[in-house]
Amino acid sequence: MKSHGSINVCAQPEYRLTSALLCYESTGGAVVTKHPVTVTEQGPEIGAGSLITHEELEAALKTVRREEVGGAFVSTELLYLSSEKVAWWVKAHHRPLYFKTKDATVTALSGKPVWNPPLVFVARGNHLRVFALAANRRPGPATRLHRTPHWNVGDCGAMCAGSVDLPERATHANTSAFTEAFFRSFFTHANGASALTTHPKGFTGLWQEQVAQQTRFDPKWLVASKLTLRDAVAE
């Protein structure tokens, strides 16, 4: 098929081919290069390129977005959305947790429904970070985040996915798939150096109490982090 240097879309202003982005992928990631394009009688010719930064790529995407190509309704739980990251929150909720560990006391709690604190999820690609909230309301950029009192999550909020099947890429449309993957996974071990809870009987005592009392999660048992929501999405 013959290539042309310009197109006309429904009598809109004429678009001219000026540059091209080439994506080079490997198992370790990908890089993008930008190349000038010269239109000749024989067709477009791609010139030598240079690496493009994340900022330059985002600027190019913003230019494309000026021409609306589609839209979608987004959930009220959505907190942040960019071409790379999605953040959302989940209200305090009652659901079971699943444990797989040599600690028989903890294993005995597996599958028992309990009240969980409100949570914030931040996904980039198929990497997930999880935090807890002290208040059961939608957080803002300056809201202080807390360590989630769940196993498999490190000090910085990063989930150790193990064999958990997370979506390959985070979008505004698949946040529930990440949430379900987190809660349907087996919690197997504590991650990080800091405590998961301020409860006097520790992690096991906290969830034993939640199972026995079936009361809403008390935010006084949460450990504050140094991060705000703005910090979490910026990292």
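Author: The following dialogue treats salt bridges, and then the sheet beside them. This is a predicted model, in which local features need pLDDT of at least 70 and side-chain atom pairs count only at pLDDT 80 or more, while totals for chains, interfaces and linings use all residues. Residues are numbered from 1 along each chain as its sequence is written, and side-chain values use heavy atoms, with hydrogens and water left out.

Reader: How many salt bridges does a search of the whole structure find?

Author: A salt bridge is a side-chain nitrogen of Lys or Arg within 4 Å of a carboxyl oxygen of Asp or Glu. The search finds six. One network links R95, E180 and R184. In it, the closest N and O atoms are 3.1 Å apart for E180 and R95, and 3.0 Å apart for R184 and E180.

Reader: Which parts of the chain does the pair of E180 and R95 link?

Author: Helices (H or I, at least four residues) and strands (E, at least two) are DSSP runs, numbered from the N terminus. E180 belongs to helix 3 and R95 to strand 9 (residues 93–96), 85 residues apart. R184 and E180 are four residues apart in helix 3, so about one helical turn separates them.

Reader: Is R95 buried or exposed?

Author: Buried means under 20% relative accessible area, exposed over 50%, and partly exposed in between (1.4 Å probe, protein chains only). R95 counts as buried at 17%, E180 as partly exposed at 28%, and R184 as exposed at 59%.

Reader: Where does helix 3 pack?

Author: Contact means heavy atoms within 4.5 Å. Helix 3 (residues 175–184) packs on the sheet, touching strand 7, strand 8 (85–90), strand 12 and strand 13.

Conventions. Axes are lines fitted to C-alpha atoms, for helices over the stretch in contact, and angles run from 0 to 180 degrees between N-to-C directions.
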